[in-house]
Protein chains: 2
Amino acid sequence: MARDVTLTLDEGMRFRARTGTGHELLLDASGDAGGVNAGPRPTELVLVALGSCGAMDVVSILRKMRQEVTAYEVSAHGETASEHPKRYVRIELVHRLTGPALSEANVRRAIHLSMSRYCPVFALLAPAVPIAVRYEIRETADGIMSSGEVRLEEAEAAP
Amino acid sequence: MARDVTLTLDEGMRFRARTGTGHELLLDASGDAGGVNAGPRPTELVLVALGSCGAMDVVSILRKMRQEVTAYEVSAHGETASEHPKRYVRIELVHRLTGPALSEANVRRAIHLSMSRYCPVFALLAPAVPIAVRYEIRETADGIMSSGEVRLEEAEAAP
């Protein structure tokens, strides 16, 4: 299979991207770099891609497990090198799930399956940059929380 | 430095991303994967990030060289593995530039500088996946074209 995108210069540093699935988005640089912040930075989209890929996997796997998810937020934080090309040197993903009867074991298993088997963006980036993956689970928005970290190298929990 | 993004589940497989620079975008899965194609796929954003990062570098470097660019399009094509996690196994970028007096040597130098020194997304992905980078240059939209490939390992042309 293949993916295709096309980007066209609008003006300044602003580029308009069109994706093969029919969507359009603007990108722009900061004022410091000749842009006017009319859209996100390219490096932000790397984090959006990584976080959304994992989140879509996890929500899909949990639904197959009949685990109800009432709210789900994923944050991604990337630290960059101080020298050019200022690539990411460490990324942290945090999955924050709310659901009345979410099992921590199932959440851990869903996250691990995404990391080890399903997420094409994780598979692409993981050899290039350390990615720490954590989770926080609540029964209700202000309920008791359980939390932890999932490591790629740990054995996958039994279903 | 650091980048931060947060994604929130809207409904179905649709996630709303908010970036640290203040922008919002939707992501969604295809109908096959439980979504309704309300936004681009995570894997498409990887190509958008790579293409826009390179294009911003190249247009910025060419402007510093006093090279006028009247139109600029970048296309990115990614081939994926057939097996899960279906990661990219090959990416091709094509820079298509139009300008009345664009020097091929300057365009090659700008592209090479982006690949070797400035583009954080290229630096992140290049160790993980082969990325072929080509260019096409025209004086006018229907003018004579020169084209070629720029390789990371080639010596950088003298300024």
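# A tour of chains A and B

Start by selecting Thr6(A), which stands opposite Ser75(B) in strand E4(B). The model is a predicted one, in which local features need pLDDT of at least 70 and side-chain atom pairs count only at pLDDT 80 or more, while totals for chains, interfaces and linings use all residues. Residues are numbered from 1 along each chain as its sequence is written, chains are lettered from A and ligands numbered from 1 in the order in which they are written, and side-chain values use heavy atoms, with hydrogens and water left out.

Strands, like helices, are DSSP runs numbered from the N terminus (helices: H or I, at least four residues; strands: E, at least two). Two strands pair if DSSP finds at least two bridges between them.

Next, colour the whole sheet. It is open, with 7 strands in the order E3(A)-E2(A)-E1(A)-E4(B)-E5(B)-E6(B)-E7(B) and mixed pairing. At its edges stand strand E3 (24-27) of chain A and strand E7 (145-150) of chain B; each has a single partner strand, so one side of each lacks a neighbour in the sheet. From one strand to the next the twist averages 20 degrees.

On the chain A side, select E1(A) with strand E2 (residues 14-19) of chain A, which pair in the antiparallel sense over 6 bridges. Here Val5(A) stands opposite Thr19(A) in E2(A).

On the chain B side, go to E6(B) and E7(B), antiparallel strands joined by 6 bridges. They form a hairpin with 6 residues between them. Tyr135(B) has Gly148(B) in E7(B) as its bridge partner. Contact means heavy atoms within 4.5 Å. Axes are lines fitted to C-alpha atoms, for helices over the stretch in contact, and angles run from 0 to 180 degrees between N-to-C directions.

**The interface**

Select the residues of each chain that touch the other: 66 residues of chain B are in contact with 66 residues of chain A. The two chains bury about 5900 Å² between them, 68% of it on carbon and sulfur atoms. Buried area is the accessible area (1.4 Å probe) that two parts lose on being put together, summed over both. In chain B, pick out Arg3(B), Met56(B) and Leu124(B), which lose the most area to chain A, together 13% of what that side buries.

How many residue pairs are in polar contact between chain B and chain A? The count is 30, both residues being at pLDDT 80 or more. A polar contact is a pair of N or O atoms within 3.5 Å; within protein, one must be able to donate a hydrogen and the other to accept it, and residues adjacent in sequence count only if both atoms are side-chain atoms.

Among the elements that give two or more residues to this side of chain B are helix H1 (42-64) and helix H2 (104-118). H1(B) supplies the largest share, 16 residues.

**Loops**

Finish with the backbone. In chain A, a cis peptide bond joins His84(A) and Pro85(A), with omega about 5 degrees. Pro85(A) sits in the loop between strand E4 (71-80) and strand E5 (88-98) of chain A. In chain B, the peptide bond from His84(B) to Pro85(B) is cis, with omega near 5 degrees.
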